[in-house]
Amino acid sequence: MTDLRFDGRVAIVTGAGGGLGREHALLLASRGARVVVNDLGGSMAGEGTDGAPAAAVVQEIRERGGQAVADSHSVATPEGGRDVVRTALDAYGRIDIVVNNAGILRDKPFHEMTPDQLDPVIEVHLKGAFHVTVPAWSVMREQGYGRVVNTTSAAGLLGSARKSGYGAAKAGLLGLTRVLAAEGAAHGIRVNAVAPVAATRMLASSLADARIGGADGRPADPAALEMMNTLTRSLDPGLVSPVVAFLAHEDCPVSGEVYSAGAGQVARFFVGRTRGYHNPALTAEDVRDHLDRIRDETDSFIPADPGVEMAHLLRSTTHHP
Ligand code: NAI
């Protein structure tokens, strides 16, 4: 089997000045892609700007013989997204890959949620993916080829306390991934997502915030902290990038899928549906009395699209269980 190469391909990686994005950019560039290293710089909460992190990654790529250009526009506005795409077109004349990775964190208990905690998180993660991908999409449609990799999170797919804005944005990216996969299919565009787990400043902050073993401001349990330290050492962000690279490659056969990636393990997340319970005269009491059956995962399945789910529903109205 040959190595997966990206010669001739142009990739945009957002938020590539550090953490996971940097690793994605380094890997793609080492395999021959010309890379736009986008990063606004700034703090993890999204405050401030700094062109240095993106420039440093570009420097690193060039020193290793790769090709890259730095871009420090924010993905959080439509103009910023257009400018990121413009950087790619001006530098390299095409776009084959968009990795939507930029992110910030502003965790708060839900009852303390304010617009200034919520809006920037939605703007960077969810709308940011729109802002960059919409202008890139026209280019991809025209050339009949494209790969988009979105970055979702277990915090959104499974739920995690204090992360309502973040979780909603990340779950929104699941919906966007599914819809774009459907829209891109006829144009050679495949769209997938990763749900990473990696030791970056973001994970460090999440863990510190959760005060592992030390709720309510009490000092954390040293044994629990040591366990977390050992765990985080195995979570090399470079172990997420191979999954991103595969999903960004021409040979990637799947679209609309979500892959968990961390510590060298790759797995698939999916939305499944139970067979359910049917009664043409359904009452609230029926739901109560048949909850086990409704929730029973035996013979559950993964509907490919809303049509398949609808077909199942209609079939069950004609075949009484
Ligand atoms: P990170 O904080 O190291 O990287 C995020 C990067 O995005 C930073 O370099 C930051 O400057 C950049 N950025 C923020 N706002 C931006 C904007 N408006 N425009 C352009 N760039 C901007 O954190 P990490 O962990 O590398 O996060 C990367 C992605 O992975 C994020 O989307 C995050 O939500 C996601 N993720 C990470 C997990 C982990 O375990 N580290 C878990 C689940 C998801």
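Guide: In this predicted model, 21 residues line the second largest pocket, and those lying nearest its centre are Arg178, Gly256, Val271, Pro303 and Ala304. Two elements, α6 (164–184) and β8 (265–269), each give two or more residues to this lining. Helix α6 contributes the most, with five residues. The volume of the pocket is about 500 Å³. Sorted by class, its lining comprises 14 nonpolar, two polar and five charged residues.

The pocket also brings the domain division into view. The chain is divided into domain 1, covering 10–199 + 236–269, and domain 2, covering 284–318. At least three lining residues of the second largest pocket come from domain 1, and at least three come from domain 2. Taken over C-alpha atoms, the centres of the two domains are separated by 34 Å.

β7 and β8 form a hairpin with two residues between them, and Ala263 in the turn has a positive phi of about 60 degrees.

Arg162, although not a glycine, has a positive phi of about 75 degrees. Arg162 lies in the loop between α5 (154–157) and α6, the helix that gives the most to the pocket lining. Its relative accessible area is 34%, so Arg162 counts as partly exposed. Asp299 is likewise not a glycine and has a positive phi of about 60 degrees. Its place is the loop between α11 (291–295) and α12 (306–318). Asp299 counts as exposed because its relative accessible area is 57%, and the cut-off for that class is over 50%.

Rolling a probe the size of a water molecule over the atoms shows where empty space is left. A search of the whole structure finds one cavity of 30 Å³ or more. The largest cavity has a volume of about 70 Å³. Its lining consists of 13 residues, with Asn100, Asn101, Ala102, Val124 and His125 nearest the centre. Helices α4 and α6 each supply at least two of the lining residues. The largest share, five residues, comes from α4. By class, the cavity lining divides into six nonpolar, six polar and one charged.

Strand β4 (residues 97–100) runs parallel to β5, and four bridges join the two. One of the pairings sets Val99 against its bridge partner in β5, Val149. Between β4 and β5 the chain passes through helix α4 (residues 115–143), and this β-α-β crossover is right-handed. β5 also pairs with strand β6 (residues 189–197), in the parallel sense and over six bridges. There, Thr151 stands opposite Val194 of β6.

Strand β5 itself (residues 146–151) is mostly covered, with six of its six residues buried. In a regular strand the side chains alternate between the two faces of the sheet. In β5, Gly146, Val148 and Asn150 point one way, while Arg147, Val149 and Thr151 point the other way, and all are buried. The term buried stands here for a relative accessible area under 20%.

Ala284 counts as exposed because its relative accessibility is 59%, whereas Thr151 is buried. Along the chain these two residues are 133 residues apart, and their C-alpha atoms are separated by 39 Å.

Methods:
Residues are numbered from 1 along each chain as its sequence is written. This is a predicted model: local features need pLDDT of at least 70, side-chain atom pairs count only at pLDDT 80 or more; totals for chains, interfaces and linings use all residues. Side-chain values use heavy atoms; hydrogens and water are left out. Buried means under 20% relative accessible area, exposed over 50%, partly exposed in between (1.4 Å probe, protein chains only). Two strands pair if DSSP finds at least two bridges between them. A crossover is right-handed if, with the strands pointing away from the viewer, the path from the first strand over the helix to the second runs clockwise. Domain bounds come from an automatic or database domain assignment. On a 1 Å grid over the protein atoms alone, a cavity is a set of points where a 1.4 Å probe fits but cannot get out, and a pocket is an open set with protein on both sides within 12 Å along at least five of seven lines; lining residues have an atom within 4 Å of a point. Grid points are joined across faces, edges and corners, and a volume is the space filled by probe spheres set on the points. Ala, Val, Leu, Ile, Met, Phe, Trp, Tyr, Cys and Pro count as nonpolar, Asp, Glu, Lys and Arg as charged, and the others, Gly among them, as polar.
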